[in-house]
Amino acid sequence: MTDTTPDAAPRATTFTTRSPATGEPLAEHPVDGPEEVARAVARARRAQEGWAALPAARRRERLLRWKRLLARELGTVARTVAEETGKPAGDAGLEVVLTLEHLGWAARNADRVLRRRRVRTGLFTVHQRASLVHRPLGVVGVIGPWNYPCYTPMGSVGYALAAGNAVVLKPSELTPATGLLLAALFDEAVPAHAGLFTAVTGAAATGEALVRSGVDKLAFTGSPGTARKVMAVCAETLTPFLAECGGKDAVIVTADADLDAAADAIVWGAFGNAGQTCAGVERVYAVREVHEALCERVVRRAGAVRPGSGGDAHYGPMTLPGQLETVERHVTEAVSSGARALLGGPESVRAPYVAPVVLTGAPADSAAMTEETFGPVVAVDAVADVDEAVARANDSRYALGAAVFCGSRRTGAAIAARLHAGAVSVNSVLGFAAVPALPFGGSRDSGFGRIHGAEGLRAFTAVQSTTVQRFAPPIALTSFEVPAAARERAVRLARSLHLRH
């Protein structure tokens, strides 16, 4: 149980997970160190060779077999997610369903997206046949979050596997059982490829060991601060890095919007999963003539939303205990700076739960409007017009998701195009999350790179460009034996063509 090195401090070899709702122990898990992580990566690399050699149709069949097993075991997976995160069973079940949607899409579309593709050549390379192909990277490391421990990491895991890679997942230390269960079900579904997808458990040191293990790409979900630290380690070996780091997502509501539909979506987007959603609703900008009416509708609906652990609860406890302090600080500072609490307030924080909080008039530079709260708090502010709404929505160091509610779908789409967010829904919130063909990701402090969709498949490949000479060119410009006069004629010809076109 301890490090035997002289004078070394004792090193724990296991850790305990606890229920966020009750604090009761759930399970003991190993703390995997550099040696254990290295073994997992080596095993995955051996398995990947056979996996990459399979025809795409065979990989598809095996991934769909895993998907069907996950569907049969949906109750078990959802129960594990609910136990570790504290979210209601229904929410956990929906998370697994969305996971199945994405896994199925990745499996069925990988060959179409990644197969060898012919590309056209130019006038001076007409003698060449050109093509490109997307090759697997090898072993992909994935560091997953605790808020959606099935859906979010599988956006990397499923797509990386479909692209022909092996995967080593380091789930959050708050939700390790979910990651271990996903890997165990993979081995059960396709035992001939056991070890292709595996999970290692532990906290930050285990994650660092995975980053330093020689993986061929690292996909990370977490805070911007942690992402910078992980990226710095990746930089030492130029390991490619994909980061999804959360957001401060805004909703714009125009004067002709359906206010009832907007309020319903805002409440769900802000308070679902206790507000612990990277692309959840945290800021709302409504044009002044409808602001008061929208606030009334939001408060009425939010007032009926109840946190708790019972079957009738709409959302559960804060999964990460330390997040309670952040939520309380944001609300307290906003109110003390002049914001009005239309519903709840600092007293809404009653560990381990936070009741819904609706603010208005929070200063634009307050933490509640600039930092990710990651709790059941939403600020609804009035703006003069859509131009101001767009400017304020874009005035953030985050750029992940957003939404627009507008009477005209065409106008709503035009407003969406002015937003810097990586994904935008019109007349709904988080509509993009359930569309597997759409890429997901952001910029600025929300990270970079994309998961999901064709871009998500390509993100876990290396592009190889190939030319095959079909016949000898009339003038071999890549030879020292070409006479200077012939080279000059070719240059004059090219110049003439480019002047005309």
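The numbered points below concern a predicted model.

1. The secondary structure of the protein chain comprises 16 helices and 22 strands. Its radius of gyration is 26 Å, which is close to the 23 Å that the globule rule gives for 501 residues, so the chain is as compact as a globular protein of that length. Along the principal axes, the C-alpha atoms fill a box of roughly 85 × 65 × 50 Å.

2. Buried residues account for 53% of the 501 residues, and, among contacts between residues at least 6 apart in sequence, 70% join residues at least 24 apart.

3. Helix 8 covers residues 224–237, and at 1.5 Å a residue its 14 residues should span 20 Å; the end C-alpha atoms are 21 Å apart, which agrees. Just after this helix, Leu-238 takes a positive phi of about 55°.

4. Which residues of helix 8 are buried? They are Pro-224, Ala-227, Val-230, Val-233 and Cys-234. In an α-helix there are 3.6 residues a turn, so residues three or four places apart point the same way. The cover over the buried residues of helix 8 includes helix 7 (204–211) together with strand 8 (217–221), strand 9 (241–244) and strand 17 (398–399).

Conventions: Residues are numbered from 1 along each chain as its sequence is written. This is a predicted model: local features need pLDDT of at least 70, side-chain atom pairs count only at pLDDT 80 or more; totals for chains, interfaces and linings use all residues. Side-chain values use heavy atoms; hydrogens and water are left out. Helices (H or I, at least four residues) and strands (E, at least two) are DSSP runs, numbered from the N terminus. The radius of gyration is taken over C-alpha atoms; the globule rule is 2.2 Å times the number of residues to the power 0.38. Buried means under 20% relative accessible area, exposed over 50%, partly exposed in between (1.4 Å probe, protein chains only). Contact means heavy atoms within 4.5 Å. The expected span of a helix is 1.5 Å times one less than its number of residues.
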